[in-house]
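The following note is intended to accompany the reading of a structural model. Please consult the sequence and the structure while working through its numbered points.

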There are 4 protein chains.
Amino acid sequence: LPPKAKTTQDEERDTQRLIAFSDGVYAVAITLLILSIQTPQLKDVPGNKLLETLFQQWPSWLSYILSFLAVGIGWINHHEMFRVIKRVDVTLLALNLIILLFTTIFPVPTRLLAEYIQDADGLRVAAVFYGLILTCLSFGYFFVWYYAAKASLLDQQLTPKVVHRETRRQALELLLGLGAVAIAFISPPLGIAVYLLLAMYYLFSGYSRRLAKPQ
Amino acid sequence: LPPKAKTTQDEERDTQRLIAFSDGVYAVAITLLILSIQTPQLKDVPGNKLLETLFQQWPSWLSYILSFLAVGIGWINHHEMFRVIKRVDVTLLALNLIILLFTTIFPVPTRLLAEYIQDADGLRVAAVFYGLILTCLSFGYFFVWYYAAKASLLDQQLTPKVVHRETRRQALELLLGLGAVAIAFISPPLGIAVYLLLAMYYLFSGYSRRLAKPQ
Amino acid sequence: LPPKAKTTQDEERDTQRLIAFSDGVYAVAITLLILSIQTPQLKDVPGNKLLETLFQQWPSWLSYILSFLAVGIGWINHHEMFRVIKRVDVTLLALNLIILLFTTIFPVPTRLLAEYIQDADGLRVAAVFYGLILTCLSFGYFFVWYYAAKASLLDQQLTPKVVHRETRRQALELLLGLGAVAIAFISPPLGIAVYLLLAMYYLFSGYSRRLAKPQ
Amino acid sequence: LPPKAKTTQDEERDTQRLIAFSDGVYAVAITLLILSIQTPQLKDVPGNKLLETLFQQWPSWLSYILSFLAVGIGWINHHEMFRVIKRVDVTLLALNLIILLFTTIFPVPTRLLAEYIQDADGLRVAAVFYGLILTCLSFGYFFVWYYAAKASLLDQQLTPKVVHRETRRQALELLLGLGAVAIAFISPPLGIAVYLLLAMYYLFSGYSRRLAKPQ
């Protein structure tokens, strides 16, 4: 398709509403994660054991932080992609729902990982499940980007080179994610460490601002 | 009523705030659905049974996906209608509350369907209840659209033909929904399959972008 | 204070952010209410008793509808007030927090009313408690409006007459609310009926659009 | 870095989206707090004991109010800072996630404080834990402000003097917070009183509007 001449005001508003709705979902999803952390209760844990019990809850907190990063980085990713996606059509709305679906699912793998982190068999299942959700989410981001590029919904100021580089980068991320799941299957604790490392890498490398327009 | 000459800036802002509030409700409702999925706990399910237990939870996931689609498609529908609704009045605010009421109710039929999917008697009740909520929601959308058309709140660029076609389409959807409830009463599993098929149809047919203005 | 000459772009943005934050709180609060309705579980309620059990849950649904209306009407009220409040200052931000505080509290009186509706002693406590929350909320709206009027934060196009009429109306609403609480203390069921009637009255009377500017 | 000449429309939109996402998180976090208050149930508490039981829940309400103020004041603080932060970069997005992380955590210390307020040993742990979360949150705000000032992301109309005064003020707040935690360690009830006093001070002192631009 040839790129359309210019984004109209209505197209602009449509895109803004998709962004606003997605922002809402990200905001709720990232905040609901805390419900996966159970607070000790006086009838089970006397006050003089409270500190010890809180420290024993480290798996819940580790799992919470990991999921908070996953959703938070997902939001930054969405934010970056929609800086250059200038129009939406119904297919993009549907593909965006895939991203939102796997974003809202996070409370489940989060609690599962926290619950089974100290059980060898259970940890393998929980770590692979967690990784598969991460991978599905990456597929969602990939589909949205790939479709937006194919359907000429991107900012026209973006050079084909930048678009191709970004497509490659997203495909590479998918492969890295699948690799991490394979590692988690072989060694669950190592797999979780790789998930965390990837999150840190995405957060602090020049990952973002990668879609800068020429100025 | 004769259509008003032009949308003022204040009318525009009023409409935007209704949209923003509705978007917020949709975002929370779609994200809360995940709370209907219970995570296995180590004290009930040892690690070596975890995978099996996760597969046995398929009714919860089916129900979750169905409700995610229902709320997500509802949002797309709302999005499409409010692309052409250019003004709001107090009656429209109240009618919009009906849509939001039946959107926020979804966690209840979702959990009910997941809980009783493997009990013949219970499934009939749960499937019909689910369908009635879907139908009430469709009535909500219909009322908002019908009132907006009657009260001249629509974009003036919309031809009467497009408005009539949309009214007919929404009425047809209501009938399809009522038909699906009847099927669910006779054969609950078939009814649920019809709900899913309708959702897929709405999502991927040329359903959306139906209110395109002449250009 | 003399009214300031004109709303600047920064003041406009400040007001919009307060509105956006409040909309978010209303959206979450209205959606969380559904969590107060407990879904029957297969282990407690066999499938052939499900329909009966759902009908027995009517107090939960009554309570849910009442609270949905209270928060929804509150949103319409907030919407109407902030159509004419054109500037915010730190005191208004703090007063607005009072409205939000009593809006987010609703899940508690909602569940309480549902739980104790069939216990004579408990119903009196629950109904009066419910009414006191409603009254505190009305005080919140009153304070915001009264302060905005005093501190010259209103749209200058609003005539003093309209402002006074609105202040009187809000004061009257406070008195009506206090009256309803008194009725609920004497006869709890009657009190709840009055809460519902007042909600219907606010929703469908010419309650809204009351702050229309002269055109 | 020398300040950039002028905020472009794209930079403006980027900043607005960070604000919208943060507003969403604040709105959900402040509303979820109510879930920490447990409603008495008829099977545990007969109707004629309900009033007494509600009064016995004062620790939950105290804790709820404290956290509501903490999140609400945090929002006002965020609001004030982003009135003058005119551009965002990827580091600021990541630092902002720290603020959001410690804002979403609040349900946990809130429930903990309510649960252990009447147990001497437990209260010490809960009060110090609460204060540490508050302190981490203050560090988040400080980092965002400090980085925004260093990276020239602030409104250019802001004089260096105002920027320095604000940096000092935020550093002082950090020290006050650490002092309060120390007090909570020595005397938990006194510490909680200090938290409340600080909240009141921040809410009603000329705390806000401190970043006013010269006019």
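1. Over all chains, the structure holds 24 salt bridges. The model is a predicted one, and the points below should be read accordingly.

2. One salt bridge lies within a helix. A:Glu80 pairs with A:Arg83, and their closest N and O atoms are 3.3 Å apart. Both residues belong to helix α3 (residues 58-84) of chain A, where they are 3 residues apart, about one turn of the helix. A:Glu80 and A:Arg83 are both buried.

3. Another salt bridge joins C:Asp23 to B:Arg17, with the closest N and O atoms 2.6 Å apart. This pair crosses between chains, running from helix α1 of chain C to helix α1 (residues 9-32) of chain B. Are its two residues buried or exposed? Buried means under 20% relative accessible area. C:Asp23 has a relative accessible area of 6% and is therefore buried; B:Arg17, at 8%, likewise counts as buried.

4. The salt bridge between the side chains of B:Asp44 and B:Lys43 has an N to O distance of 3.9 Å. For exposed residues the relative accessible area is over 50%. B:Asp44 reaches 56% and so counts as exposed, and B:Lys43, at 68%, is exposed as well.

5. Salt bridges may also be linked to one another: A:Asp14, B:Glu80 and B:Arg83 form a network of them.

6. The copies use different surfaces, as 8% of the contact residues of chain C recur in chain D.

7. How much area is buried between chain C and chain D? The value is about 3500 Å², and carbon and sulfur atoms give 69% of it. C:Arg17, C:Phe21 and C:Tyr116 supply 22% of the area that chain C buries against chain D, more than any other three residues. In this interface, 36 residues of chain C are in contact with 42 residues of chain D.

8. Between chain C and chain D there are 2 salt bridges. D:Arg83 forms a salt bridge with C:Asp14, at 3.2 Å between the closest N and O atoms. On the side of chain C that touches chain D, α1(C) gives the most, with 12 residues. That side comprises 23 nonpolar, 4 polar and 9 charged residues.

9. Some chains do not touch. Chain A and chain C have no contact, and their closest C-alpha atoms lie 8 Å apart. Chain B and chain D are also without contact, with their nearest C-alpha atoms 8 Å apart.

Conventions:
Residues are numbered from 1 along each chain as its sequence is written. Chains are lettered from A and ligands numbered from 1 in the order in which they are written. This is a predicted model: local features need pLDDT of at least 70, side-chain atom pairs count only at pLDDT 80 or more; totals for chains, interfaces and linings use all residues. Side-chain values use heavy atoms; hydrogens and water are left out. Contact means heavy atoms within 4.5 Å. Buried area is the accessible area (1.4 Å probe) that two parts lose on being put together, summed over both. A salt bridge is a side-chain nitrogen of Lys or Arg within 4 Å of a carboxyl oxygen of Asp or Glu. Helices (H or I, at least four residues) and strands (E, at least two) are DSSP runs, numbered from the N terminus. Ala, Val, Leu, Ile, Met, Phe, Trp, Tyr, Cys and Pro count as nonpolar, Asp, Glu, Lys and Arg as charged, and the others, Gly among them, as polar. Buried means under 20% relative accessible area, exposed over 50%, partly exposed in between (1.4 Å probe, protein chains only).
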